[in-house]
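Q: I'd like to learn how to read a structure like this one. Could you take me through a few features?

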Amino acid sequence: MKIAITSQGDTLDSELDPRFGRAAYIIVVDTQTLEFEAFDNATNKNAFKGAGIQAAAMISDNDAQVLLTGFCGPNAFKTLEAAGVKVANDQTGKIIDVVKKFNQGNTVFADGANKDGHW
Amino acid sequence: MIISIASGKGGTGKTTISTNLALSINQKVQLLDCDVEEPNCHLFLDPVMETLEPVIAPVPQINLEKCTFCKKCMDICRFGAIAVLKKDVLIFDNLCHSCGGCFEICPEDAIIEKERSLGEIEQGTAREIPFIHGRLDIGQVMVPPIIKKVRSYTDPDIVTIIDAPPGTSCPVIAAMNHADFILLVTEPTPFGLHDLKLAVETVKILNIPHGLVINRADLGNDEVKKYAIKERIPILMEIPFDKKIAQIYSKGEMIIDKLPEYKEKFQILFDKIEQQVLAGGQSK
């Protein structure tokens, strides 16, 4: 299964970036093979508005079925939900450890945003 | 003649000046409350409202039968209001600025124009003066279209006084642009001066003649005056920090009703503004 993780760097040793829409990178990783691709999120990071929405669409485009991040706002959550991407918030640590933890099967998925929208 | 009453800092006395000036001058005048996020002139004037007009704007709606999910609409949207997914397209109405880009770029003619409400305009009379104000809908953020709609009621044959919102962003520009004179209301405090400087820089870019009213003039320090002299901005009126004025304001009453000597002071203020506008016209 492919999952997306917000990351401060572009490798599996990087720390998770708690921000979703404005994360530095979004890493899409195969949970079985650990093959991954790191997407530079600079365009969304500097977006005037709607960063979370655009990042959510990008994750859906890359066939990730799950998003692991720190905080997810209401617009992003709505988009991910429509795209059928499950969201787990409040994640921390190195990307590789986050993936390992996910593979152990203890991840709790969110049923809503855990952050207010930005105005 | 259009006089826009602005300030950098909020709470310096724009509404007090706007309402009292409008009721004091010996010319035909109308008052436009352009602080549409929190209009308050009506609290002091008790106008009788006659008409209500909605302010609407187009937002896109996607016809999924025609859509090929090409993402051109999503890419052109500067505000991230459109999310094209694999089998669905989401529109976030509140982020949309109604620029029309998505309608233009869609190669499949799959975008339908839907209307949404941004706010409303009320028009009426306050003590024989034409009075117009706008009100932004709760949850909406697009302010300039409402201000422009309020200003569409401008009568070019009489004096128009505009109560502008505070700050220096788009709504303020919308309330100041194309005015003949901008009256900046400030107070002699570090906060007042800091935001006054920002407002002056904005007015300079708009290239509109401007002058100052210093409210609560005997408070704080004299840095605002020094700045005005340095920048050659005329100080047209000073209002003291008077407990009586504060009490009148807090009851929603007009200064000129309770302290009638102010009526003449506001007339003098208007005469000075008129002189400035005439002088500005000559130098151009």
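Predicted model: local features only at pLDDT ≥ 70, side-chain atom pairs only at ≥ 80, totals over all residues.

Q: How much area do chain A and chain B bury between them?

A: The size of an interface is often given as the accessible area lost when the parts come together. Here chain A and chain B bury about 1400 Å², with 65% of that on carbon and sulfur atoms. In terms of residues, 15 from chain A are in contact with 17 from chain B.

Q: How many salt bridges are there across the interface of chain A and chain B?

A: The rule finds 2. In a salt bridge between Lys71(B) and Asp61(A), the closest N and O atoms are 2.2 Å apart.

Q: Which helix gives the most to the side of chain A that touches chain B?

A: That's H2(A), with 5 residues. As for the make-up of this side of chain A, its residues split into 6 nonpolar, 5 polar and 4 charged.

Q: Now the strand. Why is S10 of chain B largely enclosed by the rest of the structure?

A: Strand S10 (residues 210–215) of chain B has 6 of its 6 residues buried, so it is largely enclosed. In a regular strand the side chains alternate between the two faces of the sheet. In S10(B), His210(B), Leu212(B) and Ile214(B) are buried on one side, and Gly211(B), Val213(B) and Asn215(B) are buried on the other.

Q: How many bridges join S9 of chain B to S10(B)?

A: There are 5, and the two strands run parallel. Leu184(B), for instance, has Leu212(B) as its bridge partner in S10(B).

Notes: Residues numbered from 1 in each chain as written. Chains lettered and ligands numbered in written order. Heavy atoms only, no water. Contact = heavy atoms within 4.5 Å. Buried area = accessible area lost by both parts, 1.4 Å probe. Salt bridge = Lys/Arg side-chain N within 4 Å of Asp/Glu carboxyl O. Helix = DSSP H or I, 4+ residues; strand = E, 2+ residues; numbered from the N terminus. Nonpolar A, V, L, I, M, F, W, Y, C, P; charged D, E, K, R; others polar. Buried < 20%, exposed > 50% of the residue type's maximum accessible area, 1.4 Å probe, protein only. Pairing = 2+ DSSP bridges.
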